[in-house]
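Welcome to a short tour of one protein model. Take a look at the sequence and the structure below, and then we will walk through a few of its parts together.

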Amino acid sequence: MNKRSLRILEFNKILSMVTEYATSPMAKRRVDRMKPQRDIEQIRKLQEETNDALNRLNRHGNISFSGLCDIGASIKRLEVQGTLTSKELLDIAAVLQVAKAAKQYGDGSDLTEALASRNQEPVSQTTFDSLTERFNMLLPLEHIASEINRCILSENEYADDASSGLKNIRREIRLTNDKLHQQLDKIIKSDANRDQLQDSLITMRNGRYCIPVKQEYRSKFPGMIHDQSSTGSTLFIEPMAVVNLNNQIKELANEELLEIEKILESLSAQAATYVSDIAYDLELLTDLDFIFAKAKFARATNSTRPIFNTDGIIDIRQGRHPLLEKHTVVPVDIRLGETYNLLIITGPNTGGKTVSLKTLGLFSLMGQAGLHIPAMEESRLAVFDDIFADIGDEQSIEQNLSTFSSHMSNIVYIVQHATPNTLCLFDEPGGGTDPVEGAALAVSILNYLKSMGARCMATTHYSELKTYALSTDGVENASCEFDVATLRPTYRLTIGIPGKSNAFAIASKLGLPDYIINSAKEQIDSDAIDMETLLADLEASKRSMQEDEKAIEAYKQEIESLKESLQKKEENLDTKKAEILKKAREEARDIIEDAKDVADQTIRDYNKWRNNPHKADMRTMEEQRSKLRSRIKDYEKSGASETKKQTSNHKASDFHIGDTVQVLSMGTRGTITKLPDNKGIAGVQMGILNSMLPISDLLIIPESTVSVNGTKQKYSGKHAGGDHTSVSKSMTFSPELNVMGKTVDEACFEIDKYLDDAVLAHISRVTIIHGKGTGALRKGIWQYLKKHPLVQSYRSGEFGEGEYGVTIVEL
């Protein structure tokens, strides 16, 4: 890729953003050296690695490479059997510890341990992707890292147990120090020496312990003078009694240094045994740090993996320029390479034309470098051999180049180096010179590149280019919308409709007199005016079509919702029907069994009377027959009574929107949402189910009026009652209702009756306990309370009330 396009499209700023997510200096250098690739297989491999790292971040959380440092020089010294310093060895241990943590992250063992610590069931964390091999190849060499950390406590501190020799030497140093301090303590604490010493303390000069003696008493303390104060009044003397002890400490200190050198040599030799493994760990960790830096950037920018092709097809869906504020940037859709290879964008200044141009170029560079792009999934990009961009004004006084000359020099370079597999981006080609000549040049340049097969995108204000796009196959217009009413661009890119510059409308809004604007309009060719009018009509038609499409989409969603509701209703009806049939069969079986028993008994009595006519009693036989008839009538009455209970005698005019009804066939309550039609079918809302039912299946429940905070409201229910009920309710009513563990429908059914009872008990505030959980139950309850006529307000509990696990309801 040519460096000028990388600079103009600000690819270096993207790399700087990615660098922030890399930990090690090696990975940061790799990001800085990252360039777009031309081989589609290599690009797909890089994209797959970034995508797999992003998936791991989403599943397992962040991976840390803290401690990963550049130990390349130390590795080279180990290869020639050199001795490393304590810092170099600690750096190697740190790298090995990073390798251990990375390997645990790779196989998911760290997550399994975390779940086990919370007494949760472990889940299978085995992940096979493009990064699995790198994680599996890591060798933490824990024995090397632990040995280094055991011996070396810090860069200048070594453990006593690093070796037996070091431990003995330090013990001797401590003993000698104790002896020396005992000798000096006797001297400074002696009453005879108290007035001869400047201070009663032990000090150190030139690495040897001394005492501060006043100048006039120097002869009283034979020994070596190591220093004196700035005034000369104090001499720092090493008494002869401790000279040998100081010498021993010096010798022991030298022995300690020699022993430390042996320890470093031993640790270096152990590390040298595994130098190739350490070098491979460093390489793998640098790769992973680099890959995860790209993934972290993708997560931070909400980017997705683009689909690459070699057919020159570009389809960016809801693309957002990554260098713009993500909360304010307006997504754009850019398509190129299928039905047209040249896209011409028109519209007013500051409308987003150049941003759209840069978005396409930058996305192509990012994608070919292995970075995800901030766009919707399934966005497609093409692999280009090179990307050329002529954007911005680079006029040079030193080189005597005007704006036009600067642009034309760059365009000449593009024309000379463009191939069928290149992407060319132009910001107002032909600008900076005579409009007629500039427009003609722009058309010729773009037409040449189009005929070559290159993919091109250009911005312009020339109407000639708009006409060229309308009349030429393989060329398409696009526009950036502008709201004339607010004088602000919407930054939306609309493909298929050329844009207007809106110069007259903007000037009029800013206060330019109408007579000047009208004079300007008279100087424009009538064909140009007709062209602008046509563009305005096309734009209005486009917006109307878009609004119609939105309305159609809304209708589709509503139809799908109604379809799902109908399916649920049919399923419920089928279930109810099956239950009713089952119950009817059971009752019929019981009746048949009963009838069979009666018939059998009757036959036995008849046979008995026939065989013994003299025992036959007509009165007894008549009584038996009367009992049989009585039982038949009872069954008939029971059937008639049940039939009567399952129907209603309401007329269509009896129903009103909002009436509470009992659905007889389902045994549940509902609310009238649609008045009965000419066939007597009414709409009824039962919880989340909305059904069309016959009025013969609906029984209107009488409504009474209750006072809620001084306002009379309708209240339906079987408890709309008198004082006795209220007193009874107030004595037994609990101010809390626990619905934890229930479904939303079950909870709402209980809450409905509970609120009825609360009103009857004259309770103004109640608490509903639903627990925290996922929040789904709380959300469903709040949606129900929002529409309930008895509820004035509701809120989550405060500290001490249960917080988000309860809802406080004011009635």
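## A helix and what follows

Asn-302 takes a positive phi of about 55°, and this residue comes just after helix H12 (residues 275-300). Helices here are DSSP runs of H or I with at least four residues, strands are runs of E with at least two, and both are numbered from the N terminus.

H12 has 26 residues and reaches 37 Å from its first C-alpha to its last, close to the expected 38 Å. That expected span is 1.5 Å times one less than the number of residues. H12 is mostly covered, with 19 of its 26 residues buried; buried means under 20% relative accessible area, with a 1.4 Å probe and protein chains only.

## How the model is read

This is a predicted model, in which local features need pLDDT of at least 70, side-chain atom pairs count only at pLDDT 80 or more, and totals for chains, interfaces and linings use all residues. Residues are numbered from 1 along each chain as its sequence is written, and side-chain values use heavy atoms, leaving out hydrogens and water.

## An enclosed strand

Strand E12 (residues 386-390) is largely enclosed by the rest of the structure, because five of its five residues are buried. Asp-386, Phe-388 and Asp-390 point one way, while Ile-387 and Ala-389 point the other way.

E12 pairs with strand E13 (residues 422-427) in the parallel sense over five bridges; pairing requires at least two DSSP bridges between two strands. Across this pair, Ile-387 has Leu-423 of E13 as its bridge partner.

## Two cysteines

Cys-69 counts as buried at 18% relative accessibility, and Cys-151 is buried too, at 2%.

Technical notes:
Buried means under 20% relative accessible area, exposed over 50%, partly exposed in between (1.4 Å probe, protein chains only).
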